[in-house]
Amino acid sequence: MSVEEAIIEKSIKKNGNFLIAVLQDIQEYYNYLPEECLIQVSKKLQIPLIEVYGVATFYQSFSLVPKGEHIIVVCLGTACYIRGGKKIVEALTKELNIEPGSITKDKKFSFETVSCLGCCAIGPMVLIDDAYYGEMTPKKVIRLIEELKR
Amino acid sequence: MPKIIVDGIEIDCPAFWTILDATNFIGINIPTLCYHKGLSLWGGCRLCIVEIREGDNTKFVSSCTFPVQEGLFIRTASQKVIKARKMILELLIAQNPTSKVLQDLASKIGLRKIRFKPKWENCIYCGLCVRICEEQMMANAIGFINRGDKLKITTPFDKNSEDCRRCGGCMYICPACTLRCEGPHPESVLCNGCYNILQPTCLELYENYSCWMGLKGECGTCVNLKKNEEID
Amino acid sequence: MIKLHSINEYEELSKKFNGSKNSNTHIISISSGTCGHASGSIELEEALKQAVKGYEDQIGLKSTGCHGFCAAEPNVIILPEKIFYKNLKPEDAPYIIQSILNGEILDNLVINENGIKYPYIHEIPFYKLQRRILTASNIVIDPQNIEDYIAIGGYKGLIKALRMQPKEIIEEIKKSGLRGRGGAGFPTGIKWEIASNQKSDIKFIICNADEGDPGAYMDRNLLEANPQLIIEGMIIGAYAIGANRGWVYVRDEYPLAVKTITINVNNAREMGFLGKNILNSGFDFDIEITRGAGAFVCGEETALIHSIEGKRGNPSQRPPFPAEKGLFGKPTNINNVETWANIPKIIEKGAKWYANIGTERSKGTKIFSLVGNVKNTGLVEVPMGITIDEVVFDIGSGALNGKKIKAIQTGGPSGGCIPLEHFHLPIDYESLKKAGSIMGSGGMIVMDEDTCMVDFARYFINFLQGESCGKCSSCREGTQRMFEILTDITEGKADEESIELLEELAYIIKATSLCGLGQTAPNPVLSTLKYFREEYIAHIKDKKCPAGVCRALLTYKINPENCTGCGVCKINCPEGAIIGEPKQPHIIDQNKCIKCGFCQDNCKFDSIICEI
């Protein structure tokens, strides 16, 4: 049994036939959804491949391309937007030289925006890997990136 | 057998009918795009919307999916409905001006201007191709991916599909690519080649009057009431 | 953990706890939800753990969910006195311990507004006008310990319900006047009745914890701080409706909430509140947790159901309603987190008690997330009928940074704005609807003079065009076209007819869309047009943005008096639009300037002015 098949079997055992839960387990392991895994899921759950692919592309949590070593998420929820979230996105776009939703050439950083992290009172929020940072400014976030570059 | 009232006509319907089934039965013409009697219901194009009474107000529902209920009061072509259908067609033509089906519908309903920048796309996302592939051909080769402004219909991973048997069913049923309209030019986007200017209809004269003889005064009732004017 | 096999065993346990199960004389309650973590509550807790060494018999530490006053985090509350210490750093820990031992209050750490100090919670302006029937216990509950919940009287509601008939419970909920807290405000009792009347052996209930509205996080707080309250509400609801399986559908972006509710469902099961033959009542019920995957549209009931079924989140037309034909084709009752949270107290204390709070048609309390450009940001629980003025100026203490407040936005992307001159309005379902907005799930965003209302409407439409499922032409094409027109307006490219077209488009999208997302998508546009039409006209006629936000309409100039000619702006300009010799005042070439603002951000001498 290949690695993909083992992970999928384990997930189906835990989650039953809940497609989204299975895809979430795969995403957690690989940090994205490899094409081969989607084909296997389609076979194992007896769901047409186009339906699996359609679900994988519908939901924002799923990524079909690998993510970077560090995942930077900037919140553009309403409260964070009003407090200057857009400026942080612009600063990061300039600093990393990539648009939100992409990955740097050296695969070190993935840069994404999200609609709301749920920390609205202390925005603008930035999430780097598992750490939440509140009341961010363009200068603060660039400093954090520089620390990670080292 | 629920009894409904459509444009003033009472109909006794089987319980499993939709409003569209009832109107087709008595010959009232409601324009549709994503509806096909051989395929499952989708209710996405919104062209078949009709007005139903809800308490003291009315609301719009898609006639192809709304089930009949006892006492349902329906207007299929009131001024509000026509205005809404025109806007929906305007949005669809701005998306895909080369579809003859859409251009013909536009002429028939009296749509005279498109106020949006044309996208010149080839798909209106009615989903007929997806449903014929799944339900009639049992192939499941194509489907919807992404959502919102990034919505697309394609094969998995945009690659050549092994499930696709090259039956051509998707092309056969597609309202956007079956017939190309020769009419529209990049400047005007709207063809109106078969648009006939007739006398003003009951719709333009009476706000709540729903004409069930045809959309363009074909019954002749209101021909004598107003002079020939540019209809806009 | 003890397993309870009967109602009697529960009553024995409850008596044993009798309101408190702690032996310390003092407890330091640390606010530790997701935003607590983001502010530094974990480091604070570590420091307190070190500082309290040797005094554990007198002072206990309790890490709880969010206390609600997010602007003051990391904060602690000293119990039983209820002294509130704000914006703490790890270095404050030893002083806090000492102050408790000495019976003193640390003046420099208490809330200080306009020169007046407020050490005790009940006096603090942020808390004074609130009525925290759902959230008060957040302070005393360790969210991973079910016994804390029982100690404050948890599950008394369920016990009472198990002694009632299902129809009696539904009558009680109807009499209470509780309305759905997810946004639509449909009477909960009637919703339950419809599901209960369906003839089916299998029925389901769902807790909608998708909370997609940006700016709203009330449900996250309830799930992290007092999850047993929701579980108890769901068990009572399942019993009344006749459902044996329930789901909690939690937004994927809330990892801590997912973790906490999962642990608590397991705890409730271990203790005997979930599973087969609950407390020997003959009633079986269990709960599964399922995560969302990042789709705002899945907050809509039928889309949520499709998501659980493993499909794309396309809504379906109603009828049939989920109560008649929902998940897997079975009758399904879906309620919002806050709706479920209200159930236990209504059953325990009675419908009459609940109906006494609030207004005639909007009963009970509502939790709002008060955020944006206001001083006291956080989660406030207020009785229905309180005015917007009281929430924004008394509880919120008015504008941040001395700016002038312009409006509030309620209801998220489905709602609308309400301008300052209408702040005397009471907060209830009907008044907000009449003013052109909706109650929504509870987001309340305060905007000041620096917010451009056109840009704000554009922000929401941009959000919605990406979140639209794409099924119906009205919403899919309509939101994209509204976005195009709004973008043109903010870039000074629109003309007089644009507003007319925008309005016509908005009304038709509202009327013809298939689901609630499309039907409410035009609301931000229509409400800003209603109250701030002059801003739209200024963008179109005068090509000016009065709030100074829309970049394309601003002019960046260098003040020659302040400019030292250091050249920093010249180097940083991405278009090479700044000219000047070293040590001479520089000039911006307006033809090349793309108004990115980087020169202003980098100028140390404050010489770049932005003209409207």
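**Chatting through chains A, B and C**

Student: Hi! How confident is the predictor about chain A, in terms of average pLDDT?
Tutor: This is a predicted model, and chain A has an average pLDDT of 90. In chain A, 100% of the residues score at least 70.

Student: Nice. Where in chain A is confidence lowest, and where is it highest?
Tutor: The lowest spot is helix H5 of chain A, residues 78–82, with a mean of 85. Helix H4 of chain A, residues 49–58, is the highest, at 96.

Student: What's the secondary structure of chain A, then?
Tutor: Chain A has seven helices and five strands. If you walk along the sequence, the pattern goes α-α-α-α-β-α-α-β-β-β-β-α.

Student: And what does its C-alpha trace span along the principal axes?
Tutor: For chain A, that comes to about 50 × 30 × 25 Å.

Student: How much of chain A is buried?
Tutor: Chain A has 150 residues, and 43% of them are buried. As for its contacts between residues at least 6 apart in sequence, 58% link residues at least 24 apart.

Student: OK, switching to chain B. How many helices and strands there?
Tutor: Chain B contains six helices and seven strands. From the N terminus, they come in the order β-β-α-β-β-β-α-α-α-β-β-α-α.

Student: What share of chain B is buried?
Tutor: That would be 42% of the 232 residues in chain B. Taking contacts in chain B between residues at least 6 apart in sequence, 58% join residues at least 24 apart.

Student: How many residues of chain B are in contact with chain C?
Tutor: On the chain B side there are 25 residues, and they are in contact with 25 residues of chain C.

Student: Which elements of chain B give two or more residues to that side?
Tutor: Those are strand E4 (57–62) and helix H2 (79–95) of chain B. H2(B) provides the largest share of this side, six residues.

Student: What classes of residue are on the side of chain B that touches chain C?
Tutor: You'll find 15 nonpolar, six polar and four charged residues on that side of chain B.

Student: Last topic: which domains does the assignment give for chain C?
Tutor: Going by the domain assignment, chain C has domain 1 (24–139), domain 2 (153–354), domain 3 (365–448), domain 4 (453–542) and domain 5 (554–611).

Student: What separates the centres of domain 4 and domain 5 of chain C?
Tutor: Taken over C-alpha atoms, the centres of those two domains of chain C are 35 Å apart.

Terms used:
Residues numbered from 1 in each chain as written. Chains lettered and ligands numbered in written order. Predicted model: local features only at pLDDT ≥ 70, side-chain atom pairs only at ≥ 80, totals over all residues. Contact = placed C-beta atoms within 7 Å. Helix = DSSP H or I, 4+ residues; strand = E, 2+ residues; numbered from the N terminus. Nonpolar A, V, L, I, M, F, W, Y, C, P; charged D, E, K, R; others polar. pLDDT = per-residue confidence, 0-100. Domains from an automatic or database assignment. Buried ≥ 20, exposed ≤ 12 C-beta atoms within 10 Å, placed from the backbone.
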